[in-house]
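Please examine the sequence and structure shown below.

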Amino acid sequence: MAALGIALLALAGCTPAEHASQDGEHTVSEVEAEFGVGTTTFQDGTLVSPHLRIQITSASVILPGETGNEYGEAPVLAFWYETTNLTGQEVNPLTAWFTHFRVIQDQGTGAPSELTLGMVPDGSLANNQSTVIAEGETVANAVSYTLLDAETPVELIASDAVLNQIGSALYPIQ
């Protein structure tokens, strides 16, 4: 799902090139991706890019059967966050999250496992996920990830729009 969100953002940011095809063929349309100029930072639970700000307001483990994980069979780690559109480009909370964050849990196997997306942990925010945010406006949202075990800390990895890792935060489970 994260890859789909990134692909959609990449396609949305593409514009036709204003030069002829480099190989002389006219059957292939070449594009230039425009990701904007500027730096993306992640500090104290807040990611700021040239286009948006995502501020994590809380994180919590939700056990199976508890509110927010009523149908799950494993515990989930839920993140509540607010997304602010800084430029007027089309932004929605869920795509913004998937563009900039990955969640992994390292169980000591040598290769950390990326966690899978769980159900929306906060029913009051379910309709906010695809809300287009107007410039200068902020929309709250929440996501959850199914934990591989209930003891190993989870690492949230922050990236810029072109997937360069810019920071991370460790979330203890217990």
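## Trp 97 and its aromatic partners

Trp 97 has a relative accessible area of 0% in this predicted model, and it is therefore classed as buried, the limit being under 20%. Its ring pairs with that of Phe 101 in a tilted arrangement, with 4.4 Å between the centres and 35° between the planes. Phe 101, like Trp 97, is buried.

Trp 97 also forms an aromatic pair with Phe 79. This pair is likewise described as tilted, with a centre-to-centre distance of 5.5 Å and an angle of 40° between the planes. Phe 79 lies in strand β6 (residues 76-85) and Trp 97 in helix α2 (residues 93-100), so that the pair links parts of the chain 18 residues apart. Phe 79 has a relative accessibility of 0% and counts as buried.

## The aromatic cluster

Aromatic pairs number six in the model. One aromatic cluster is formed by Phe 42, Phe 79, Tyr 81, Trp 97, Phe 101, Tyr 145 and Tyr 171.

## The salt bridge

Side chains of opposite charge can pair when their charged atoms come close. The model contains one salt bridge. Arg 102 and Glu 114 form this contact, and their closest N and O atoms are 3.6 Å apart. Arg 102 belongs to strand β7 (residues 101-105) and Glu 114 to strand β8 (residues 113-114); the two residues are 12 residues apart and link distant parts of the chain.

How accessible is Glu 114? Its relative accessible area is 43%, and Glu 114 is partly exposed. Arg 102, at 35% relative accessibility, is also partly exposed.

## Gln 129 in a loop

Gln 129 is located in the loop between β9 (116-117) and β10 (138-146). Is Gln 129 buried or exposed? With a relative accessibility of 17%, Gln 129 counts as buried, because the class covers values under 20%.

Beyond its neighbours within four places in sequence, Gln 129 is in contact with Asn 92, Pro 93 and Leu 94, as well as with Val 120, Asn 141 and Ala 142.

## Confidence of the model

The average pLDDT of the protein is 83, and 79% of the residues score at least 70. Over residues 1-35, pLDDT stays under 50. For this stretch the model has 32 contacts beyond four places in sequence. Where pLDDT is low, the predicted coordinates should not be read in detail.

Technical notes: Residues are numbered from 1 along each chain as its sequence is written. This is a predicted model: local features need pLDDT of at least 70, side-chain atom pairs count only at pLDDT 80 or more; totals for chains, interfaces and linings use all residues. Side-chain values use heavy atoms; hydrogens and water are left out. A salt bridge is a side-chain nitrogen of Lys or Arg within 4 Å of a carboxyl oxygen of Asp or Glu. Helices (H or I, at least four residues) and strands (E, at least two) are DSSP runs, numbered from the N terminus. Buried means under 20% relative accessible area, exposed over 50%, partly exposed in between (1.4 Å probe, protein chains only). Rings of Phe, Tyr and Trp (its six-membered ring) pair if their centres lie within 6.5 Å; planes under 30 degrees apart count as stacked, over 60 as edge-to-face and the rest as tilted. pLDDT is the predictor's confidence in each residue, from 0 to 100. Contact means heavy atoms within 4.5 Å.
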